[in-house]
Every structure is written in C-alpha cells, then in structure tokens.
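Please open the model in your viewer and keep the sequence panel beside it.

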Amino acid sequence: MPQIDTGLIRQDEAYSKQMVLQRLGISQKFWDKLLDEGLPYTNIGHSRWVTGRALIEHLVRNAERKRECNQHQN
C-alpha cells in the first residue's frame, strides 16, 4: 500500500476531496469552507477534484487576506 505524503501538495497534480482531507489533515467543515470561498473544483464521477495549483493559490490568497484583516484590527 503506498504511503500518503502528509502535508505535500504538488501544483502539477490533481487531488480528490478525500486525498486533500488526508494529506492536509483538514475537516469536512474546512473543505466545505474552501468551496464556499470559491476554490475551483471539477466533478469526476461522484467525487470533487481540485488541482494542486488551484488549492495552493487559494490558500495563499486567503492567508494574505486574513493577515491584512488582522493588521487593520491592530
């Protein structure tokens, strides 16, 4: 059985929802939040897939937005 690279997302690969949950150790609730925030995905069969590039860019963009909000509050 292949080992899962926990925490590793490559921009040149695509990941199913289950793979993202396992690799990043995130909850279903956080996954739903990513989709609500506009993370682009594709339905393949009965599962949602995201590209590594889209996931990385989304997380970086939202981390920067959150940091800016925190700076304005201080």
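Which residues make up the largest nonpolar core? In this predicted model, select Ile 9, Tyr 15, Val 20, Leu 21, Ile 26, Trp 31, Leu 34, Leu 35, Leu 39, Val 50, Ala 54 and Leu 55, which together form that core of 12 residues. If you then colour by secondary structure, helix H1 (17-24), helix H2 (28-36) and helix H3 (52-73) are each seen to supply at least two of the core residues, and H2 gives the most, with three.

Before going further into the details, zoom out to the whole chain. The protein has three helices and three strands, and from the N terminus on its elements follow one another as β-α-α-β-β-α. Of the 74 residues, 23% are buried; and among the contacts between residues at least 6 apart in sequence, 44% join residues that are at least 24 apart.

**The sheet**

Select the three strands next. They form an open sheet in the order E1-E3-E2, with antiparallel pairing, in which strand E1 (14-16) and strand E2 (42-44) are the edge strands, each pairing on one side only. From one strand to the next, the twist averages 40°.

Take the pairing of E1 with strand E3 (residues 47-51) to begin with: the two run antiparallel and are joined by three bridges. Along this pair, Ala 14 stands opposite Thr 51, while the core residue Tyr 15 has Val 50 of E3 as its bridge partner.

**Helix H2**

Which residues of H2 are buried? Select Trp 31, Leu 34 and Leu 35, which are the buried residues of this helix. Viewed down the axis of H2, these buried residues fall within an arc of 95°, and so they line one face of the helix. Turn the view to the face of H2 directed away from its buried side, and you will find the exposed residues Lys 29 and Asp 36.

Stay on Leu 34 and display its surroundings: leaving aside residues up to four places away in sequence, Leu 34 touches Ile 26, Leu 39, Leu 55, His 58 and Leu 59. Just after H2, select Gly 38, which takes a positive phi of about 105°.

**Asn 62 in H3**

For the last stop, centre the view on Asn 62, which is found in helix H3. Is Asn 62 buried or exposed? Its relative accessibility is 13%, and because buried means under 20%, Asn 62 counts as buried. Show the side chain of Glu 37 as well, for the side chain of Asn 62 makes a polar contact with the side chain of Glu 37 at 3.4 Å.

Technical notes: Residues are numbered from 1 along each chain as its sequence is written. This is a predicted model: local features need pLDDT of at least 70, side-chain atom pairs count only at pLDDT 80 or more; totals for chains, interfaces and linings use all residues. Side-chain values use heavy atoms; hydrogens and water are left out. A nonpolar core is a set of buried Ala, Val, Leu, Ile, Met, Phe, Trp, Tyr and Cys residues joined through side-chain atoms within 4.5 Å. Buried means under 20% relative accessible area, exposed over 50%, partly exposed in between (1.4 Å probe, protein chains only). Helices (H or I, at least four residues) and strands (E, at least two) are DSSP runs, numbered from the N terminus. Contact means heavy atoms within 4.5 Å. Two strands pair if DSSP finds at least two bridges between them. Axes are lines fitted to C-alpha atoms, for helices over the stretch in contact, and angles run from 0 to 180 degrees between N-to-C directions. The arc is that of the directions from the helix axis to the C-beta atoms. A polar contact is a pair of N or O atoms within 3.5 Å; within protein, one must be able to donate a hydrogen and the other to accept it, and residues adjacent in sequence count only if both atoms are side-chain atoms.
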